[in-house]
Amino acid sequence: MKRGITFLKRQPPARLIVLGFAAVIAVGTLLLLLPVSINDGARVSFIDALFTSTSAVCVTGLIAIDTAEHFTVFGRTVVALLIQIGGLGVTSVGVGFILIAGKRVGMKGRTLVKEAMNVGNSKGLIRLVKSVLLMTLCFEAAGTVLSFLVFVQDFPPLKALGISLFHSVAAFNNSGFDILGGLQNLIPYQGSVLLNLTTAGLIIFGGIGFLVILDILKNRSFRKLSLHSKVVLSVSAVLLLTGTLLLKATEDVTWLGAFFQSVSARTAGFSTYPIGTFTNAGLFVLILLMFIGASPGSTGGGIKTSTLFVLLHAVKSAATNQHCTAFKRRIPPEVIQRGFIITLLSAMVVCTGTFFLCLLEPEYTFMQLLFEITSAFGTVGLSTGITPDLAASSKLIVILTMFIGRLGALTIATIWHFKTPSSATFTEENITIG
């Protein structure tokens with residue numbers, strides 16, 4: 001036991017975060033396989049339980065089996081808890097329990113929170129965790145109340161309350177799980193303005209990041225916001241508007257439907273229209289939105305809005321031979337380098353996953369398989385409807401892709417904890433590129 005604790009203490013933060021998520025997924029899988037979690041007459045295989053647990057912890061929403069039809073109230077509660085833990089982050093939840101117990105959070109715990117939440121310094125980390133937990137509670141409570149007003153019209157009050165709470169947790173954590181049954185997601189409510197706007201609001205606030213929300217509450221003026229907040233809000237607004245216009249132009253959907261799918265494609269995964277009926281143009285728009293994803297420090301995935309912003313401004317600065325600036329601030333070269341590395345690694349993950357699915361699932365089109373893998377990597381949860389019919393080997397590839405997507409390709413690449421580079425280097429020589 002002591003050796004195990006000593007071993008964990010010696011591990012770098014990135015590796016501990018990866019191990020933490022893997023441990024939660026494993027526990028979730030075992031809980032979902034318990035008889036008390038499975039409905040009478042339903043059958044849940046190990047691969048499907050693992051898939052569901054991974055999808056929940058990675059706040060994705062892709063499902064191999066229908067959650068409502070296969071799992072009891074206990075099983076659905078497990079799924080909801082896994083979504084909550086995955087959305088907040090294993091380290092944040094762990095620190096929250098330590099604070100509730102009245103214990104002191106050590107330097108190792110603070111370092112883990114800093115790494116997990118992508119915060120620049122360790123100052124005020126515990127206060128930040130408390131704010132995040134309180135903020136999550138407030139948003140999910142408000143979402144539950146507003147959703148209840150809709151679901152109570154179709155379900156008994158107690159069941160409507162359970163559905164509303166589950167839906168609110170899933171929406172704010174950008175996970176497209178639903179417990180309505182029939183693999184319909186929110187298609188029966190495509191005309192409900194209240195549910196569409198409530199869900200979209202939860203997704204947007206969950207996706208812009210806790211740091212941005214706190215910055216808005218503190219300054220209440222766009223001019224006074226940090227550069228990060230300005231970038232996130234600007235890019236998010238442009239992507240929502242552009243996605244809405246493109247989806248309306250390519251698909252036979254209402255303006256409300258186009259707006260909702262533009263919001264949901266940014267890592268949430270709820271759908272009010274059957275995605276399998278979309279044209280290739282519409283699917284391609286969704287793929288781009290899913291790959292970009294949400295923002296740093298949020299409950300969403302993808303390469304992140306700020307990464308896209310940095311890449312575009314880096315290209316602009318290279319083309320104009322000017323410094324890379326935005327909002328009267330200069331962007332550091334190391335941030336630009338990190339942005340390109342993250343994008344390249346992410347593209348490699350998507351391409352590799354799609355290639356293997358093409359080998360294993362030749363009966364599906366390339367667009368369907370690319371959509372599935374991009375959805376998994378972006379922790380979105382949208383699907384053209386092929387997920388339940390995938391082979392076990394294909395599901396394992398999707399599971400691995402969801403895991404990498406939630407933790408980040410760069411985090412996975414650094415878990416080997418490379419040593420500090422030596423001060424002695426080889427002679428520099430130029431390479432012609434471009």
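Which residues in α11 meet which residues in α12? In this predicted model, Val212, Asp215 and Ile216 of α11 meet His228, Ser229, Val232 and Leu233 of α12. By class, the contact has four nonpolar, two polar and one charged residues. Helix α11 spans residues 210-219, and its axis lies 10 Å from that of α12. The packing angle is about 110°. Angles of 65 to 115 degrees count as roughly perpendicular, and α11 and α12 are therefore roughly perpendicular to each other.

Helix α3 covers residues 46-57 and helix α5 covers residues 73-88. Their axes are 7 Å apart, at an angle of about 40°. That angle makes α3 oblique to α5. On the α3 side, the contact is formed by Thr52, Ser53, Ala56 and Val57. On the α5 side, Val79, Leu82, Ile83 and Gly86 take part. The residues of this contact divide into five nonpolar, three polar and no charged.

In soluble globular proteins, nonpolar side chains tend to be buried together.

Helix α14 runs over residues 280-292. Its 13 residues reach 18 Å from the first C-alpha to the last, close to the 18 Å expected at 1.5 Å a residue. Its buried residues are Gly282, Leu283, Val285, Leu286, Ile287, Leu289, Met290, Phe291 and Ile292. These buried residues pack against five helices: α12 (227-250), α13 (255-264), α15 (305-320), α16 (333-360) and α17 (366-377). Gly293 follows α14, with a positive phi near 75°.

With residues up to four places away in sequence not counted, Phe371 touches Leu283, Leu286, Ile287 and Met290, among others. Also touched are Ile275, Leu382, Ser383 and Thr384.

Ser175 lies in the loop between α9 (157-172) and α10 (193-208). Is Ser175 buried or exposed? Its relative accessible area is 0%, so Ser175 is buried. Leaving aside neighbours within four places in sequence, Ser175 is in contact with Ser55, Val59, Thr60, Gly61, Ile83, Ala170, Ala268 and Phe270.

Note on methods:
Residues are numbered from 1 along each chain as its sequence is written. This is a predicted model: local features need pLDDT of at least 70, side-chain atom pairs count only at pLDDT 80 or more; totals for chains, interfaces and linings use all residues. Side-chain values use heavy atoms; hydrogens and water are left out. Axes are lines fitted to C-alpha atoms, for helices over the stretch in contact, and angles run from 0 to 180 degrees between N-to-C directions. Helices (H or I, at least four residues) and strands (E, at least two) are DSSP runs, numbered from the N terminus. Angles under 35 degrees count as roughly parallel, over 145 as roughly antiparallel, 65 to 115 as roughly perpendicular and the rest as oblique. Contact means heavy atoms within 4.5 Å. Ala, Val, Leu, Ile, Met, Phe, Trp, Tyr, Cys and Pro count as nonpolar, Asp, Glu, Lys and Arg as charged, and the others, Gly among them, as polar. The expected span of a helix is 1.5 Å times one less than its number of residues. Buried means under 20% relative accessible area, exposed over 50%, partly exposed in between (1.4 Å probe, protein chains only).
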